[in-house]
Amino acid sequence: MTKPVVDYSLYLVTDSGLNLPSRTLVQSVEDSILGGVTLVQLREKELSTDAFIELARKVQAVTKKYNVPLLINDNIEVALAIDAEGAHVGQDDISCLEARKLLGPNKILGISTGTPEEAKKALEDGADYIGIGTCFMTQTKSPKRTLGPIGVRTILEALPAESSLKTVVIGGIKNDNTRRVISHSVGANGRILDGIAVVTGVVGAVDAKKASEQLLSEYKAGYDIASKRVQGLVEERASVQDVLKSFSQLLTTLREKSPLVHHISNYVVMNDTANATLALGGSPIMAPSAAEAEDLSKVVSSVVLNIGTLTESFVDCMLEAGKHANAQSKPIVFDPVGAGATTLRESTTRKILNSMHVDIIKGNAGEISTIAKIVGCDTESIAMRGVDSLGSGFSNPAAVVQAVAKRESCVVVMTGLIDYVSDGTRTVAIENGHAYQGRITGSGCMAASSIGCFAAISPNDHFAAAVAGILAINLAGEHAGTRCDVQGPGTFRAAFIDEMANLAPERMLTETRIKSVEL
Ligand code: 3NM
Ligand code: MG
């Protein structure tokens with residue numbers, strides 16, 4: 001017998017304890033195979049070897065009927081007794097080398113891994129595939145920590161691009177996160193996950209067939225996006241010149257449409273960000289309650305997440321709002337205020353980036369630097385810190401912004417004396433602005449609101465939205481800062497809001513100082 005060829009796309013891992021009482025485990029396995037499950041693992045932690053063999057034979061009757069490979073969790077004796085297609089072992093079980101010895105060369109062998117080192121060892125030890133986990137919190141196990149797509153990506157990147165070791169992700173994989181996990185975990189080495197391994201998402205579903213169909217279709221959609229990313233296939237993008245031309249039109253549209261912009265903001269700037277939104281032409285809704293997030297996602301046009309004055313309830317609300325905004329395809333602007341300052345802020349930033357697709361990230365040099373670290377972007381090699389005359393601390397801030405944007409497939413804005421905006425391909429430096437903006441609190445948060453307003457009316461071009469948002473704020477800053485009635489930060493703050501409302505679309509183009517950066 002030769003080693004079976006395995007399709008890992010949708011890997012069902014069973015759990016009798018979680019199986020709904022309305023059907024037998026065997027029935028639920030059959031239903032899920034009919035829904036598209038491509039590989040089954042029988043995972044029984046409580047059964048004696050004899051009882052395990054008895055159940056395995058029943059399950060095998062079904063998997064054989066549909067020609068789907070069956071793997072046995074942990075117990076090699078059971079795998080051999082029923083001549084299953086292979087086995088899966090955990091880090092605390094029998095070693096991969098031992099398991100291989102017992103199984104022989106023609107059985108499928110998989111091992112659970114949670115670190116790059118474990119993944120590399122699995123490859124050396126002759127595993128056919130690795131389960132990468134735990135991705136998200138799960139009731140099925142009690143994980144010490146979760147990896148998220150960012151952690152999964154780090155493990156994929158530890159593997160040689162050309163190795164034949166297959167990879168599946170496990171832990172909290174559901175219909176509503178599969179696409180993002182697959183598309184977002186693509187390694188810089190071009191590795192894409194070969195499948196998703198699911199327990200509750202199938203075993204706990206009322207209709208296991210339908211749940212499997214949906215999961216498989218989400219996996220395929222994610223794979224599609226991922227392979228386009230690997231091939232560098234990006235859609236045609238407007239040139240920076242065209243973006244600039246559209247800028248005054250965007251402001252006009254913003255005022256005509258007055259879109260609702262959902263803010264989960266902080267106590268210090270809530271009033272300023274709401275007023276800035278209004279002054280620019282949007283309609284702010286300040287709603288920091290998780291219970292409102294789903295309802296709001298249906299009526300708002302964009303979401304701004306700001307992690308200043310962070311509390312646990314803000315975190316819950318942001319995660320909930322992000323999930324629903326993604327589901328409704330509403331753009332998300334993320335303002336990682338003080339991201340590196342505390343453990344809570346750093347872990348929240350990681351959670352946000354892991355659990356939703358953020359469309360635009362806006363931060364200062366320190367915040368973007370923290371984000372670069374979280375997403376595994378090697379800024380040291382792109383631009384040394386501490387040798388820059390422009391105040392960002394990076395010798396080549398534009399390159400850092402572009403690299404983070406490329407890595408996260410989103411638009412990144414880094415504010416400072418000069419502001420940088422990049423979508424990973426197009427990168428610009430914006431020189432407009434006034435020193436007073438740095439002397440009041442909330443200027444940066446208002447910039448995020450401004451970007452949120454423009455993203456609301458430019459849902460398909462977030463780069464244009466970010467450029468327009470930054471330009472609008474900076475031009476208002478210049479107008480206010482040079483007014484003769486402005487005496488200091490206090491009067492500037494009022495004038496700043498006034499000048500946002502006074503922005504005239506037709507003047508905007510002539511005043512912009514923006515440069516395309518070629519890297
Ligand atoms: N192994 P669910 S997580 C069996 O991290 C298993 O190795 C994991 O269950 C690992 O799909 C996990 O219900 C449970 O979240 C996955
Ligand atoms: Mg185990």
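This is a predicted model: local features need pLDDT of at least 70, side-chain atom pairs count only at pLDDT 80 or more; totals for chains, interfaces and linings use all residues.
Trainee: Where does Asn67 lie?
Mentor: Asn67 is in the loop that runs between helix H2 (49-66) and strand E3 (70-73).

Trainee: And what is the phi of Asn67?
Mentor: Asn67 has a phi near 60°, which is positive, and Asn67 is not a glycine. For background, most residues other than glycine have a negative phi.

Trainee: Which residue besides that has a positive phi without being a glycine?
Mentor: Ser409 has one, at about 50°. You'll find Ser409 in the loop between helix H17 (397-408) and strand E14 (411-415).

Trainee: Switching topic: which strands close into the barrel, and in what order?
Mentor: Eight strands, in the order E1-E2-E3-E4-E5-E6-E7-E8, with parallel pairing. On average, neighbouring strands of this sheet are turned by 25° against each other, direction ignored.

Trainee: How many bridges do E2 and E3 pair over?
Mentor: Three, in the parallel sense, with E2 covering residues 39-42. In one of the bridges, Gln41 is partnered with Leu71 in E3.

Trainee: Last one: which peptide bond is cis?
Mentor: The bond from Gly133 to Thr134 is cis, and its omega is near 5°. Thr134 sits in the loop between strand E6 (129-132) and helix H6 (148-157).

Key: Residues are numbered from 1 along each chain as its sequence is written. Chains are lettered from A and ligands numbered from 1 in the order in which they are written. Helices (H or I, at least four residues) and strands (E, at least two) are DSSP runs, numbered from the N terminus. Two strands pair if DSSP finds at least two bridges between them. Axes are lines fitted to C-alpha atoms, for helices over the stretch in contact, and angles run from 0 to 180 degrees between N-to-C directions.
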